[in-house]
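Subject: Handover of a structure

Dear colleague,

Please find below the structure that I am handing over to you. The findings follow directly after it.

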Amino acid sequence: MPSAAPRQYMPSLIPGAALARVGSGMPQERLARVAARRTFVDMKQRFMRAVGGVTGSRGEWLRYQVRHANDPVDLWLLRGAVFAALPVREPESRRMRLDLHRALDTVFPDSGDIDEMLPL
């Protein structure tokens, strides 16, 4: 069974077809893309600050993963590992956790943690 193409893979397109796929490049579309990119970069920097103090191979792995994240969803998938690596009782760690929660809530507004147990 053939494997799926990587997410970054984009088949060669005929000239002009790429513009048709992403829109005509109206100013409001470009502004929206720039705003989305800035939000992602801000969130990525927050994640990098959070994992900056994590030591050992776990810290190295987390920094590598965050550094290579290309999409907000990549950071969303790493959130559990990042929160697990941050010490619970340290005040700076608590601030980092709160900051990360705010950043995630900005990008994923309906992503609140589930407080109650749900049946399988």
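I begin with the aspartate D42, which is partly exposed, with a relative accessible area of 32% (buried means under 20%, exposed over 50%, and partly exposed in between, with a 1.4 Å probe and protein chains only). Please note that this is a predicted model, in which local features need pLDDT of at least 70 and side-chain atom pairs count only at pLDDT 80 or more, whereas totals for chains, interfaces and linings use all residues. Residues are numbered from 1 along each chain as its sequence is written, and side-chain values use heavy atoms, with hydrogens and water left out.

Salt bridges

The structure holds three salt bridges (a salt bridge is a side-chain nitrogen of Lys or Arg within 4 Å of a carboxyl oxygen of Asp or Glu). Side chains of opposite charge can pair when their charged atoms come close.

D42 is paired with R46, and their closest N and O atoms are 3.1 Å apart. Both residues belong to helix α2 (residues 27-52), where they are four residues apart, about one turn of the helix. Helices are DSSP runs of H or I with at least four residues, strands are runs of E with at least two, and both are numbered from the N terminus.

R46 also forms a salt bridge with D99, with 2.8 Å between the closest N and O atoms. D99 lies in helix α5 (residues 91-107) and R46 in helix α2, so this pair ties together parts that are 53 residues apart in sequence. At a relative accessible area of 22%, D99 is partly exposed.

The bridge between E92 and R95 has its closest N and O atoms 3.2 Å apart. E92 and R95 are both in helix α5, three residues apart, again about one turn of the helix. E92 is partly exposed, at 41% relative accessible area, while R95 counts as exposed, with 52% relative accessibility. Which residues do salt bridges with shared partners join into one network? They are D42, R46 and D99.

The chain as a whole

The protein chain has five helices and zero strands, and its elements run α-α-α-α-α from the N terminus on. Of its 120 residues, 25% are buried. Its accessible surface comes to about 9300 Å², and carbon and sulfur atoms account for 59% of that area (Shrake-Rupley method, 1.4 Å probe; for residues, only the protein chains shown count as cover). Among contacts with a separation of 6 or more, 50% are between residues 24 or more positions apart (contact means heavy atoms within 4.5 Å).

Helix packing

Two packed helices are described by the angle between their axes and the distance between the axes. Here the axes are lines fitted to C-alpha atoms, for helices over the stretch in contact, and the angles run from 0 to 180 degrees between N-to-C directions.

Helix α2 packs against helix α4 (residues 72-85) at an angle of about 20°, and their axes are 11 Å apart. That makes α2 roughly parallel to α4 (under 35 degrees is roughly parallel, over 145 roughly antiparallel, 65 to 115 roughly perpendicular and the rest oblique). The crossing of α2 past α4 is left-handed, a term used if the near helix is turned anticlockwise from the far one by less than a right angle; clockwise is right-handed. On α2, F40, M43, K44, F47, A50 and V51 make the contact, and on α4, P72, L75, R79 and V82.

The axes of α4 and α5 come within 11 Å and cross at roughly 155°; α4 and α5 are therefore roughly antiparallel to each other. Their crossing is left-handed. In this pair, P72, W76, R79, V82 and F83 of α4 meet R97, L100, H101, L104 and V107 of α5.

For helix α3 (residues 56-67) and α4, the axes come within 11 Å and cross at roughly 155°, and α3 and α4 are therefore roughly antiparallel. α3 passes α4 in a left-handed crossing. The residues in contact are R58, W61, L62, Q65 and V66 of α3 with L75, L78, A81, V82, A84 and A85 of α4.

T39 is found in helix α2 and counts as partly exposed, at 32% relative accessibility. T39 and T106 are 67 residues apart in sequence, yet 8.5 Å apart in space, C-alpha to C-alpha. Neighbours within four places in sequence aside, T39 is in contact with T106 and V107.

With kind regards
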